[in-house]
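Subject: A structure for you to look at

Hi there,

I am passing on a structure that I have been going through, and I hope you enjoy exploring it. Please open it beside this email and read along.

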Amino acid sequence: MIEALIFLVLTIIKIGVVVGVLLLIIAYLIWVERKVIAHMQVRLGPMRVGWHGLLQPIADGLKLIFKEDIIPARASKVVFVLAPVIATVPALMAIAVIPFGDTISIFGKSIDMVITDVNIGILFILAVTSVGVYGVILGGWSSNNKYSLLGALRSSAQMISYELSLGLSLIGVIMISQSLSLVDIVDSQAKYWFVILQPLGFLIYAISAIAETNRCPFDLPEAETELVAGFHTEYSSMKFALFFMAEYANIITVSAVAVTFFFGGWRGPYLPPVVWFLIKMALCIFFFIWLRSTYPRFRYDQLMKFGWKILLPVALLNILITGLVIILL
Amino acid sequence: MLISYLPILILLLVVMGFAISNIIISALIGRHKPTAEKLSPYECGVEPIGSARERFSVKFYIIAMMFVIFDIEVVFLYPWAVAYKSLALFGLIEMAIFIIILLVGYVYIWKRGGFEWE
Amino acid sequence: MLESLLFLIMGSITIACALCVVFQKNPIYSAIFLIQTMVSLAVLYVLLHAQFIAAIQVMIYAGAIMVLFIFVIMLLNLSKADEEGERDNLFFQKPSAIILGFILVVMIGTVTLKTVFQGVKGEYTPETISQIGNTQLVGKMLFTKYVFPFEIASILLFAAIIGAIILAKKRIIED
């Protein structure tokens, strides 16, 4: 009984800390993105609110809360309100199975630095994030706006197309580690990172992850020159903020999965594991922002052709090569 | 066993609470002054033309259909991958037959222009 | 005890959602409830110690097939008038649904009466499964004992590809 109570309290503390840190990272990710892009374009970015604009996320948040909550006259009201929730919840849920540190012991109790270690691990993340696409489809459809509908259609077609190569790119790692649990995958990278054994798999993962999160150069769903703001054109106030949060939470999730699958997770010398995990994740996220300020946007037909005609066969080829190498060794 | 899914349930409740409370708070303290212009769909300042619920290209339907089929293929690969080292060469041949049959279908879609967005 | 209670609660939520699917007038609302039904079924699978099936249930049914459903609903975009007109053409739907539903109930009934109520247990108890790992066991069985059905599945998928292209191709040329 007392054991169960301790477990429950520990779990709630872990969830509180992880969700709190996640939301904090999301808030400051927006500031970091604006700053990094500004400096890459020889600008300063936000400077007014706090030292170098450090309080900008708080100002933005407060502004969004006090904004008028507009629901368009001919929108499907229930679906319109539901869509941002459907987008946000899966995006924040995916973090549950990602290990962010080694097991530590406090007062003789060992605590795993992961919310929960389930044996279907990566399948949980893929399943949960595959529900997130409905936030986009339903949000665009319910707005009763042409740009929203077109944005939603493009966005969801893109997301489902690249979900395939995303799923396929991780198979190689699973064939080596023989487990779906992310904790086991980190453990089997004690000698070397899987990016060395699976360079092609990592490349495919990186490309599909960028397309999956609708980021530049694959940010067609919100190509402002043709679709205004894509599926969230009609959204305002905190509903808009929720879509925004979902996008950044997805970036964090795909970065965390990249770190766990290809860069040894929390493993690293000298520094504590949690710090290593955060450093690696920060570098992945920086890569996302760097891409955005460097590359122009794809055209939609190029995007779909690239996903189906190049990425999919190459991902299958990667699995074949991995299979042959494992047998030959 | 099942206990490892309890944290997921708690996380779900926390996250849903967060999302819903956000919407409720902003609906309560935000201002409300709706006008007909404000509530009409945004079409770059021009009067909205017709309904937004237009029928759209069948290509999106084909993409969704192909996604369902290939997603099932991907799902079959996961149990295969975790058991791969014990299946060894036999497993590779089995999966090769499975994939080759699907690749014939894939080539067929390609030739019939299923991936084209002219 | 707690598991059975959770199972009962989730079971009733699933049935409630499934009923909403049938009784909703708006097809999009029906589809949303169907997604919820699929997710609830996945929770039931977790409670039955079938985690792999649960994940697949969400990935394939909720994440892929329902996207197709919603696309089709949006593609057809039935107006109010269409709905009224269509209703009479589907008179054979109700009798066939009742017959098929009856057959399904009888089948499930016979299987459960023959196994669960007589205390027959399968080869793999939850304990053995959790020892080997759910997905690992599925992989081992699927690719050794049940390899033939697995290969047949690829032919089924192949047929689906051909069917989808032939159905849609006419429209592509018109566009």
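Predicted model: local features only at pLDDT ≥ 70, side-chain atom pairs only at ≥ 80, totals over all residues.

**Chain A as a whole**

Chain A contains 13 helices and two strands. Its C-alpha trace spans about 60 × 50 × 45 Å along the principal axes. A compact globule of 329 residues would have a radius of gyration near 20 Å, and the 21 Å of chain A agrees with that. Of those 329 residues, 55% count as buried. If you look at contacts in chain A with a separation of 6 or more, 78% of them are between residues 24 or more positions apart.

**A covered helix**

Next, go to A:Ile285, which is in helix H12 (residues 273–294) of chain A. Why does A:Ile285 count as buried? It has 22 C-beta neighbours inside 10 Å, and the cut-off for buried is 20 or more. Leaving aside neighbours within four places in sequence, A:Ile285 is in contact with A:Leu29, A:Ile251 and A:Ser255.

**Two helices packed within chain A**

Two packed helices are described by the angle between their axes and the distance between the axes. In chain A, take helix H6 (residues 146–177) and helix H9 (residues 199–212): their axes come within 8 Å and cross at roughly 155°. H6(A) and H9(A) are therefore roughly antiparallel to each other. The crossing of H6(A) past H9(A) is left-handed. On the H6(A) side, the contact includes A:Gln158, A:Tyr162, A:Leu166 and A:Val173, while A:Gly201, A:Ile204, A:Tyr205 and A:Glu212 are among the residues from H9(A). By class, the residues of this contact are nine nonpolar, six polar and two charged.

**Where chain A meets chain B**

Moving on to the neighbouring chain, 58 residues of chain A are in contact with 52 residues of chain B. Which elements of chain A give two or more residues to this side? They are helix H1 (2–40), helix H2 (56–66), helix H3 (77–93), H6, H11 and helix H13 (300–328). H6(A) supplies the largest share, 12 residues. The side of chain A that touches chain B has 36 nonpolar, 12 polar and 10 charged residues.

You can also see a helix pair that spans the two chains. Helix H11 (residues 237–262) of chain A packs with helix H1 (residues 6–29) of chain B, at an angle of about 150° and with the axes 8 Å apart. That angle makes H11(A) roughly antiparallel to H1(B). In this contact, A:Ser237, A:Met238, A:Lys239 and A:Leu242 of H11(A) meet B:Ala19, B:Asn22, B:Ile23 and B:Ser26 of H1(B). These residues divide into four nonpolar, three polar and one charged.

**Where chain C meets chain A**

Here 15 residues of chain C are in contact with 17 residues of chain A. Helix H2 (27–47), helix H3 (51–76) and helix H7 (134–142) of chain C each supply at least two residues of the side that touches chain A. The largest share comes from H3(C), with 10 residues. How does this side of chain C divide by class? It has 10 nonpolar, five polar and no charged residues.

**Two loop residues to check**

Most residues other than glycine have a negative phi. A:Val42 has a positive phi, near 55°. You will find A:Val42 in the loop between H1 and H2 of chain A, where it counts as exposed because it has 6 C-beta neighbours inside 10 Å. C:His49 also has a positive phi, of about 60°. C:His49 is in the loop between H2 and H3 of chain C, and it is partly exposed, with 18 other C-beta atoms within 10 Å.

Happy exploring!

Key:
Residues numbered from 1 in each chain as written. Chains lettered and ligands numbered in written order. Contact = placed C-beta atoms within 7 Å. Helix = DSSP H or I, 4+ residues; strand = E, 2+ residues; numbered from the N terminus. Nonpolar A, V, L, I, M, F, W, Y, C, P; charged D, E, K, R; others polar. Rg over C-alpha atoms; globule rule 2.2 N^0.38 Å. Buried ≥ 20, exposed ≤ 12 C-beta atoms within 10 Å, placed from the backbone. Axes fitted to C-alpha atoms, helices over the stretch in contact; angles between N-to-C directions. Parallel < 35°, antiparallel > 145°, perpendicular 65-115°, else oblique. Left-handed = near helix turned anticlockwise from the far one by under 90°.
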